[in-house]
Amino acid sequence: MTVSSTPSKPTSQAEGVRADPPDETARRAAAGIELQGLSKHFAPDAIALDGVDLSIPAGEFFTLLGPSGCGKTTLLRLIAGLEATTSGTVEIGGRAVTEAPAHKRNVNTVFQSYALFDHLNVADNIGFGLRMQRVARAEITRRVAETAAFIKIDNLLGRRVDQLSGGQRQRVALARALVNEPDVLLLDEPLSALDAGLRSDLQLELMRIQRRLGMTFVFVTHDQQEAMVMSDRVAVLDAGRIQQVGSPQALYEHPENLFVARFMGHENLFEIVDRDEAGVVLSFGRLNGRFTAGTHLLIRPETMTVTRDDESVATADNTLRARVAERVYRGHVAEYGLTLADGTVLVATCNNLGEPMFDVGTEVCVSIRTSGVVAFHA
Amino acid sequence: MSGRGLRITLRGFWYLMLLFLYAPLAVVALYSFNSINSSAVFAGVSLRWYHALLADDTIMNAFYNSVVLALSSSVIATVVGTLLGYGMYTHRERRLGWLIWLVYLPIVMPDIVYGISQMSFFTSISAATGGMLDLGLTTMVIAHVSFQVPFVALLVYSRLVGLDSRLFAACQDLYANAWQRAWYFILPTLRPAIVAAFFLAFTLSIDDFVISFFTAGPESTTLPIFIWSAIKKGVTPEVNAIATLMIGAVFAAAAVALAFQYVRAGRRNAAG
C-alpha cells in the first residue's frame, strides 16, 4: 500500500490553547506518526491488526474508518501505548516509542463514552494529567481555566461529572486531553453517543479546534459521512488491514477495491464481463469509453442523467432504457431505483431543479457519463 | 382468592415476618432495662444491669477481647481482601475461574466445619513447633481474617467489574504511573466499597460464635462466648444488657456500611 506523505492542507502553527504570552515557551510543534509493519495478535487465531504501514504527517486530521471489529480502535490503542505491539514499530514526532508505556507518551486520547472520573469534579478531571506530571498547582489552575474557556466549558468547572449532559461530558473529555498539549490527539468514536444535531455541531467544532491548534488528530469512526466531512485524509480498514488511504474525495471517487467502494456507500458496482477496444461489456450491456484496468466497475449515481423515454435519446452512446422501480425524495435530490431490461437495478440521483419527478412505473432513459465511472480490482 | 384478599394476606405475611425478626430483639432490649432480676415480669425502668456490666471484670474483659479481635481482624481482612479483589479483577479474563471459586467457597462452608478445621490446623502447628500458635487471640484473628477476606474481596471485585475499563486506560493515558493510578484513581473509586467491606467484616467478627469458640484459648473469651457460657445458668438481665449493646453496635455498623455502599448510587440517581 502506498501512502502519500504530503498532507492535503498546509500545517498552520496556529494560536495555541492560550493566547501565548511572550515569555512562554512556544507550543510544541505538532508531531507526525510513522507506523511500520504494525501487527497485533490477541491470540494466534485472533489477529486484530496485520502488518499496517501508515504515515501521518504533522498537523493532519487523519481518520481511521471501518466497520466494528476491523482493528481501528486497536490501532489507536497501539499509538496511545495502551496495548503492546506483537510486531512492528511506532514512531511519534520522529521518536521511536514502540516500547514506551502510555503514561510516557506525549499523546492523549478522547475515549468513547468519555471515561471521566466520577470521584473528581470537572476542573479536577481536566487537571488530572497535569497533576500526574507534577505540574505546580497554580499552573494547573491557570491552564485548566484557559483550556475550559477555549472549549467553552468554563461555567462547568465546579460541577460533578454526574451532573453533565452527554455533550458537556464530551467537551470535558476533550479539554482533559487538550490541556496537556499533546503531540497527537487520539479520538475514539467521540461523537457516536450523541444525537444527530449535537453531533454535526461538534463535528464542525472539532475541525475548528484542530485547525486552530494545528495539532495532529487521529480520529476513529465507523461512519463514512463523518469521516468524509471531517478529515484531511482517511484510512479505510477491514479485517486488520488497510484497504486504502487517501483524501475523502479520492476514496469516494476512486475506490481501489470492492470493500472500499461498498463502505463509501456505493451501490452501482458491476463485474466487467469483457473488454475490447471501444469499452467494456457488463452483464446488462456495454459502456463505451476508456477505463482503467480492473475487474469491477463503479457507476456513481449522481453522474447519471435520467430523461423521459425517447427514441432519439435511447440510441445515444452509453444510454439504456429503464423503468422507475423506486423513488426516494430527499428534498435536494431524488433517488431513483431503475430496472434495466435484464432486471439489473441501477441507482441514479437527480438534482431537484424544480422540474417534475418521474413516477414509479415510468419508462425512462438513463445516460451514463464515463467521467463518473471507475474500474478497479476486486 | 380475590386480588384484594391476596394483597392483604401477603401484607400480613410481611408484618408477621418483621415481627419474628425483630420482636425478640425488642424483648431483649426491653428486659435489659428491667428493674428486677426477671425475664418474664417487667417491673420498671432502670439501668442497674448496665451498671452491673461495667462493674463485672469478666464481661469487660470479654468486651475488650471482642473489640480488639473485631478491629484488628477487620483491618487486616480489608487490606488483604481489597488486594485479592483487585487481583481477581485484573486476572478475570484469564483461565483462573477455579481460583475465584476458592475465594467463594469459605462463604458457603458451614461455620462448624470451618471452625473445627481451623482448630485442628492451629493445634497441629502448635504441636509441630512446640508452642507457636497456641489457641488464643492470635489464632482467633487469623481465623476471623480468613472468613472475612472473601466478603471483602467480593465487594471490591463487584465494584471494579461495574467500572468502565476505559477509566483505567484514561489514567495511563493521562500520565499516571502504577502508584499514581492506585492512589489517585483506584483507591478513591473503591473507597465506598472498601468502607462498606470494613464494616461488614467488623459485624461478621463481633457476633461470630462458632469459629471463635473453636479457635479461642482460655484467656481470649469474647462476648459471644461469654454469653453462651452465661446462659447455661439461665438468661440474666445482665446478658440482655450485653445483647442490647451488641444489637446497637451491629445496627450502627450495618447502617454505615449500607450508607457508604449506596451513597454514590443515590447521588447519581438524584442528579440523573
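In this predicted model, 18 residues of chain A are in contact with 18 residues of chain B. On the side of chain A that touches chain B, β6 (107-110) and α2 (122-132) of chain A each supply at least two residues, and α2(A) gives the most, with 3 residues. Sorted by class, that side of chain A is made up of 9 nonpolar, 8 polar and 1 charged residues.

Chain A has 378 residues, of which 40% count as buried. Among the contacts in chain A with a separation of 6 or more, 67% are accounted for by residues 24 or more positions apart.

One sheet of chain A can be followed strand by strand. Its 3 strands form an open sheet with antiparallel pairing, in the order β11-β15-β21. Because β11 (269-271) and β21 (373-376) of chain A stand at the edges and have a single partner strand each, one side of each is left without a neighbour in the sheet. Neighbouring strands of this sheet are turned against each other by 25° on average, direction ignored. Strand β15 of chain A, which covers residues 296-299, pairs with β21(A) in the antiparallel sense over 4 bridges, and A:L297 stands opposite A:A375 in β21(A).

Note on methods: Residues numbered from 1 in each chain as written. Chains lettered and ligands numbered in written order. Predicted model: local features only at pLDDT ≥ 70, side-chain atom pairs only at ≥ 80, totals over all residues. Contact = placed C-beta atoms within 7 Å. Nonpolar A, V, L, I, M, F, W, Y, C, P; charged D, E, K, R; others polar. Pairing = 2+ DSSP bridges. Axes fitted to C-alpha atoms, helices over the stretch in contact; angles between N-to-C directions. Buried ≥ 20, exposed ≤ 12 C-beta atoms within 10 Å, placed from the backbone.
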